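Here is a short tour for anyone new to reading protein structures. Keep the view open beside you and find each spot as we go.

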Amino acid sequence: MSLTVYRKAHFNAAHRLYKEGWSDEKNSQVFGKCSNPNYHGHNYVLEVGVTGDIDPETGFLIDLKILKDIIYQEVETPFDHKNLNLEVPAFKKLNPTVENIAIEIYNRIKNRLEDRFTISVKLYETPRNFVVYTG
Ligand code: NI
């Protein structure tokens, strides 16, 4: 019997979306307010789903304390109150769009879990804008 458990988390982070080599004007046309050269912040909301089979011994799919700790170590510690462009190595060259942040979070969490689990990452950049990545 397969089902999915979810854990929510949130983090605040600053970013700037831009393409190197483009003028500030062109970046502003393409990325809008998110290309402000002085950065700006978002309150990101994260939902991580883990799908798998229930362990008949415990009744758990995964111990949510373990998932909580992984999200804390892999997402909250490295991202919360950080400048994503300057302080997260993955975004030194890669634009920290909500799409790319979701993929980075997916990869970090997937690497920490047993292969028998599949995961989904839902990441809200604003209450109305969000992406879902399932690998
Ligand atoms: Ni933005």
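In this predicted model, the charged end of Arg16 lies over the ring of Tyr18, at 4.3 Å from the ring's centre. Lys26 has its charged end over the ring of Trp22, 4.7 Å from the centre. From there, we can turn to the aromatic rings and then to the metal.

**Aromatic rings**
- Six aromatic pairs are counted in the model.
- One of them joins Tyr124 and Phe130, with 4.4 Å from centre to centre and 35 degrees between the planes.
- That pair is called tilted because its 35 degrees falls between the limits of under 30 for stacked and over 60 for edge-to-face.
- Are the two partners buried or exposed? Tyr124 is buried, at 18% relative accessible area, whereas Phe130 is partly exposed, at 42%.
- Elsewhere, Phe11, Tyr44, Phe79 and Phe91 come together in one aromatic cluster.

**The nickel ion**
- Which atoms hold the nickel ion? The ion is coordinated by NE2 of His15, SG of Cys34, NE2 of His40 and NE2 of His42, at 2.0 to 2.1 Å.
- Along the chain, these donors follow the spacing H-x18-C-x5-H-x1-H.
- The angles among the four donor atoms run from 93 to 128 degrees, and the site is tetrahedral.
- For comparison, the ideal angle for four tetrahedral donors is 109.5 degrees.
- Cys34 counts as buried because its relative accessibility of 15% is under the 20% cut-off.

Key. Residues are numbered from 1 along each chain as its sequence is written. This is a predicted model: local features need pLDDT of at least 70, side-chain atom pairs count only at pLDDT 80 or more; totals for chains, interfaces and linings use all residues. Side-chain values use heavy atoms; hydrogens and water are left out. Rings of Phe, Tyr and Trp (its six-membered ring) pair if their centres lie within 6.5 Å; planes under 30 degrees apart count as stacked, over 60 as edge-to-face and the rest as tilted. Buried means under 20% relative accessible area, exposed over 50%, partly exposed in between (1.4 Å probe, protein chains only). A charge sits over a ring if NZ of Lys or CZ of Arg is within 6 Å of the ring centre and within 35 degrees of the ring normal. Donors are N, O and S atoms within 2.8 Å of the metal (3.2 Å for Na, K and Ca); water is not among the atoms, so sites may look incomplete. Four donors count as tetrahedral if all angles lie between 85 and 135 degrees; four count as square planar and six as octahedral if opposite donors are over 155 degrees apart and all others between 65 and 115; anything else is irregular.
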